[in-house]
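Here's a quick briefing for anyone opening this structure for the first time. Have a look at the sequence and the model, then read on.

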Amino acid sequence: MDKSKRCVVVLDMGTTNCKMTLYGLCPLRIIHTEKFRTPKRCIDNRIDYAAEELWQNIWDLLGRLSELSAGHIEKIVLASVGEMGVLIDEAGHRIGPMIAWNDSRGADYIKGLSAEQRLAIHKISGLPPHSNYSLAKIKWLEAHYVKQWQPGMCWLNLPNYIAFLLTGKRQMEYTLASRTMALDLQKGCWSHRLTELFAVPYEIFPEIVSGNASEIKLAPEVADSLHMDPEACVLVAGHDHMAGSVAVHLKPGELLNSTGTTEGILCLKSSYPIGKAELQAKLAGGRYIDSAIYTVYGSLQAAGLSFEWFQKTYNCTAEKFNRALSRLFASYTSGRLDPRQKPVLIPHLNGSGSPDKNVEAKGLLYGMDAHTTDMDILFAVTQGVCMELKQLCRYYEGAEQSVIKVIGPAIRNDLWLQLKADVLGREILALDIPEAVSYGALLAAYPSLKDEIPAAAVRRFFPDEKRVAYLDEVWQCYRAFYDAKIHWEHGTMRFQS
């Protein structure tokens with residue numbers, strides 16, 4: 001391979017879109033990017049990724065980028081959402097559907113756990129028991145598609161499955177193993193106790209690898225069909241939120257606010273990260289891309305999803321939506337809009353995130369009257385998403401002093417960013433690095449490129465003392481409604497905890 005023409009492909013598989021980018025390495029540059037909607041099939045409340053269509057799209061794009069690079073691709077790097085995957089048999093055939101990460105059909109296997117079992121699962125795996133994680137999905141697949149466990153059956157999270165199709169190798173990277181609920185977080189290996197608790201074979205989980213150890217050559221027939229170099233390799237960079245943090249050089253003591261369909265807060269730790277506060281808030285511990293480092297991650301189920309709900313409900317085009325946000329931002333920052341006079345929304349549109357993490361939680365809207373407008377509701381949505389973030393940040397040690405770095409769609413929404421600053425009473429750094437997950441995955445595969453990755457354009461949003469005081473009043477109202485709602489949901493509804 002001509003070293004001056006070296007190329008790499010990075011594939012970021014997200015909830016809404018999949019993005020494949022062809023980079024030239026000498027010098028580092030983007031040669032071509034393509035995006036397609038992540039194919040899904042939704043029946044009732046069930047969400048499956050259309051596995052065949054997803055794979056065909058990936059295959060076709062790899063073929064086009066291989067042609068565009070004139071056969072000079074040396075590596076394919078994969079990053080993805082973390083919890084979903086597939087069960088395959090010994091021959092590599094899928095068993096059942098590819099269940100979406102946010103599908104809750106495995107909830108019954110979580111509801112049946114005792115308080116002691118829940119605590120043990122959280123302490124061992126670092127994860128608060130939840131239907132999002134892989135073990136709940138595996139149990140549902142077992143009940144509906146596995147007549148009997150057979151030798152050679154294997155669970156692979158999404159990017160590991162794509163890597164398997166390209167290489168024939170079954171293995172899992174640490175940040176993805178951290179999202180299965182089957183990993184012993186401290187020991188860094190699969191947990192016999194957890195697989196026994198869920199009555200699934202220990203052997204269905206593959207070898208765990210870290211960083212560049214996951215690099216595998218393309219299968220010869222794949223390299224030949226795609227007209228790629230026979231020495232080309234595949235590397236799984238890991239969970240998309242973790243990859244994004246690499247692109248912005250996240251350091252211990254900083255918080256990464258990663259936004260998208262959901263929203264999360266990530267911080268790095270040098271030692272086992274699950275203590276009393278993390279257990280109370282149902283925060284998730286994990287291993288980082290550098291598996292010697294631990295992570296603490298808390299997620300909110302509906303961030304960007306809340307804005308999608310508004311646009312769908314009010315039949316609002318993207319152009320109209322952006323104009324509405326601009327008008328609200330101008331009114332809010334000029335003092336013409338008083339947040340105390342607007343409705344209060346608890347945006348549990350897809351269950352609740354930390355600290356409650358209830359898959360069946362519902363949203364709550366208070367303060368409507370005959371004069372309430374769609375603009376009032378949009379402000380309530382934005383404010384509610386920020387109040388949820390404040391609820392989550394309360395459980396992070398040192399959060400009051402931590403630098404908060406924001407990546408993802410929020411960086412294009414000034415109202416959302418300013419409300420974050422005012423609700424949290426903290427400076428917010430909006431880091432505009434296009435496709436942070438893609439760049440982070442590239443950097444995970446090529447650490448030596450650190451100084452060549454484009455620096456993020458930083459915009460700073462500062463809290464305003466008067467607005468902070470107003471929003472603290474709203475926060476007291478929000479907390480009262482939140483606590484009452486949680487008490488009612490867990491005390492009187494059918495899904496009593």
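How many residues lie between E4 and E5 in their hairpin? There are two, and Asp44 in the turn has a positive phi of about 55°. Keep in mind that this is a predicted model, where local features need pLDDT of at least 70 and side-chain atom pairs count only at pLDDT 80 or more, while totals for chains, interfaces and linings use all residues. Residues are numbered from 1 along each chain as its sequence is written, and side-chain values use heavy atoms, with hydrogens and water left out.

**Strand pairing**
- Strands here are DSSP runs of at least two residues (helices, H or I, need at least four), numbered from the N terminus, and two strands pair if DSSP finds at least two bridges between them.
- E4 (residues 40-43) and E5 (residues 46-49) run antiparallel, joined by four bridges.
- Across that pair, Ile43 sits opposite Arg46 in E5.
- E5 also runs antiparallel to E8 (residues 98-99), with two bridges joining them, and here Asp48 stands opposite Ile99.

**The largest cavity**
- A cavity is a set of points on a 1 Å grid over the protein atoms alone where a 1.4 Å probe fits but cannot get out; lining residues have an atom within 4 Å of a point.
- The largest cavity holds about 60 Å³ of space, counted as what probe spheres set on the points fill, with points joined across faces, edges and corners.
- Its lining includes Asn160, Lys169 and Val234.
- E10 (171-173) gives the most to this lining, with three residues.

Definitions and conventions:
1 Å grid on protein atoms, 1.4 Å probe; cavity = no way out; pocket = protein on both sides within 12 Å on 5 of 7 lines; lining within 4 Å.
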